[in-house]
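Me: Could you take me through this model? I have the sequence and the coordinates open.

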Amino acid sequence: MSLSRADVEKVSLLGRLLLSESELDTMTTQLGRVVGYVEQLREVNTDNVQPMAHALDMHNVFRDDKLTPSLPRDAALANAPKRDSECYRVPAVLGE
Amino acid sequence: MANTSRSAAELVSDLEGRKVSSVELTRAYLDQIQKHDSKIKAFLLVDPDAALARAKEIDDRRAAGKPVGKLGGLPVAIKDVMCTQGVKTTCASKILQNFVPPYDATVVKKLKAADAVLIGKTNMDEFAMGGSTENSAFFKTSNPWDISRVPGGSSGGAAACLAAGMAPLSIGTDTGGSIRQPAAFCGVTGLRTTYGRVSRYGLVAFASSLDQIGPMGHSAEDCALLLEVLAGHDSLDSTSADVPVPEYAKSVNQPLQGLKLGLVREHFGPGLNGEIEAAVREAVKVYRSLGATVKDVSMPHSKYGIATYYIIAPSEASSNLARYDGVHYGYRTDEKQMLAELGAEQQKYEAEKNSKKLADLDTPLIRLYRKTRAEGFGPEVKRRIMLGTYTLSAGYYDAYYLKALKVRRLIRGDYDEAFKEVDFIVGPTTPSPAFRLGEKTDDPLSM
């Protein structure tokens, strides 16, 4: 399965990256190589093999539904590049 | 007298016996940093005043006869991927250049509780992606044994600061070899811990099914000492295992008599450096002379390890790194300029009557995300986000991610089989020694 420049452009939108024309070219070549390399997994017979999500045989982890203090709002907002006294600020998203 | 060539265990006992004070010891390591780090560049951040103040506080407590934690004033360096409350945590990325965490990672909290002196934050590949520390957005770290060579990565600063005697212990993280490989390149000891052994709360996530925090030092004993402090269940990390923490430091000096060591045939194939092979075989001879028996085992799926990793790690990274959006924290692109560019593009497409381009034009919010991330991430991080986004995207999930998860089960099966026959698997950590700076930057697969 080869990767086209149009594929890479589409993925750059899905991945929320803005790539320059030259980055799109380089990325098409480089990703193509890596995808070509991982294609070797196709030769492995995985019929009836359960996928392994991680190393521990662990499922849902529950705890008591008890209230514990959470991060104060000011601390949570302290690193925001743009904020007001209680919210993160973003460019207008309505009325476009 | 503070002697920076003593082992961590010896230093802890010197501190306990008041043969040396934490202030003297901390100052000795700070002197080493002052002397050598302009060449090695292992540290992204060192705050001598804070470290000395902390050391003094521990010394005072000891002098007053009050309880002192297990590390008793020993300096420890921390890879800059773990959150330190009130102290910048950058992941060696421009996107987090000015990020000041509002809380401590659990391991940092545990180190503080054990009375470690946090001596500095070490350099790494950006977001722990790489094997040479050349992917740091700030500067490259050199291998103290030969400064024209890389220290390995991604925990390159963590390994180099030990090798240069700038800290007695450090903490690294390992997703696909990021503790083991730099430890091998710098001639120190590193332990990739079992998944779930050490809490990852406050660790900046890369690939969540693989990331682990582990100790680095000059010997197994050093690592055992540090692991006792780091390990244990944490309700803040749902993947943390609720099993007791043994006293590792007490169990490191055991006879090898009767132990069965496995040599994996596939680890000694073509591509293995001759000197490394000779050194490993020599070590095995020593183990044998100490009473261990040696057996060849096979791991037929090990050849698929890298391909499996190159699907799983980027897939999970693309999801984890979605949080860097220029909104909640971290770098954000210049909003005015971004809006002006977007407006110009719109006018251009309108003039050209290019309805396709107009329909595809980003909204201001999407463009804010895209431009912020394009400016904030380095090339390797972008590559992995792209790769992972692709392998998780509609139509490819089964062919790549799900397939890789199945192959991972088969790789694990090889280990399960091997461990039916042997107690340990021994072998080379890397097929080749530390390479030269710049030698492999164009070849992402070869590290």
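Me: What kind of model is it, and how are things numbered?
Reply: This is a predicted model, in which local features need pLDDT of at least 70, side-chain atom pairs count only at pLDDT 80 or more, and totals for chains, interfaces and linings use all residues. Residues are numbered from 1 along each chain as its sequence is written, and chains are lettered from A and ligands numbered from 1 in the order in which they are written.

Me: Which domains does the assignment give for chain B?
Reply: Domain 1 covers 8-246 and domain 2 covers 258-324 + 377-447 of chain B; the bounds come from an automatic or database domain assignment. Taken over C-alpha atoms, the centres of domain 1 and domain 2 of chain B are separated by 24 Å.

Me: How many residues of domain 1 of chain B are in contact with domain 2 of chain B?
Reply: There are 29 residues of domain 1 of chain B in contact with 23 residues of domain 2 of chain B, where contact requires C-beta atoms, placed from the backbone, within 7 Å. The side of domain 1 of chain B that touches domain 2 of chain B divides into eleven nonpolar, 13 polar and five charged residues. Here Ala, Val, Leu, Ile, Met, Phe, Trp, Tyr, Cys and Pro count as nonpolar, Asp, Glu, Lys and Arg as charged, and the others, Gly among them, as polar.

Me: What is the strand order of the six-strand open sheet in chain B?
Reply: The order is β1-β3-β2-β4-β6-β5 of chain B, with mixed pairing. Two strands pair if DSSP finds at least two bridges between them; strands (E, at least two residues) and helices (H or I, at least four residues) are DSSP runs, numbered from the N terminus. The edge strands, each pairing on one side only, are β1 (43-45) and β5 (189-190) of chain B.

Me: How many bridges join β5(B) to β6(B)?
Reply: Two bridges join β5(B) to β6(B), and these strands run antiparallel. B:G190 has B:M216 in β6(B) as its bridge partner.

Me: What about the core?
Reply: The largest nonpolar core has 109 residues, of which B:L74, B:V76, B:A159 and B:C161 touch the most other members. Such a core is a set of buried Ala, Val, Leu, Ile, Met, Phe, Trp, Tyr and Cys residues joined through C-beta atoms within 7 Å. Its largest share, seven residues, comes from α7(B). Among the residues that B:L74 touches, not counting residues up to four places away in sequence, are B:A8, B:V117 and B:L169.

Me: Which residues of α4 in chain B are buried?
Reply: In α4 (residues 106-113) of chain B, the buried residues are B:T106, B:V107, B:V108, B:K110 and B:L111. A residue is buried if 20 or more other C-beta atoms lie within 10 Å of its own, exposed if 12 or fewer, and partly exposed in between, with C-beta atoms placed from the backbone. The elements of chain B against which they pack include β2 (75-79), β3 (117-122) and α7 (220-230). Just after α4(B), B:D115 takes a positive phi of about 65°.

Me: Now the chain contact: how many residues does it take from chain B and chain A?
Reply: It takes 52 residues from chain B and 43 residues from chain A. The largest share of the chain B side, eleven residues, comes from α15(B).

Me: Why does A:R83 count as partly exposed?
Reply: A:R83 counts as partly exposed because it has 16 C-beta neighbours inside 10 Å. A:R83 lies in the segment after α3 (73-77) of chain A.

Key. Contact = placed C-beta atoms within 7 Å.
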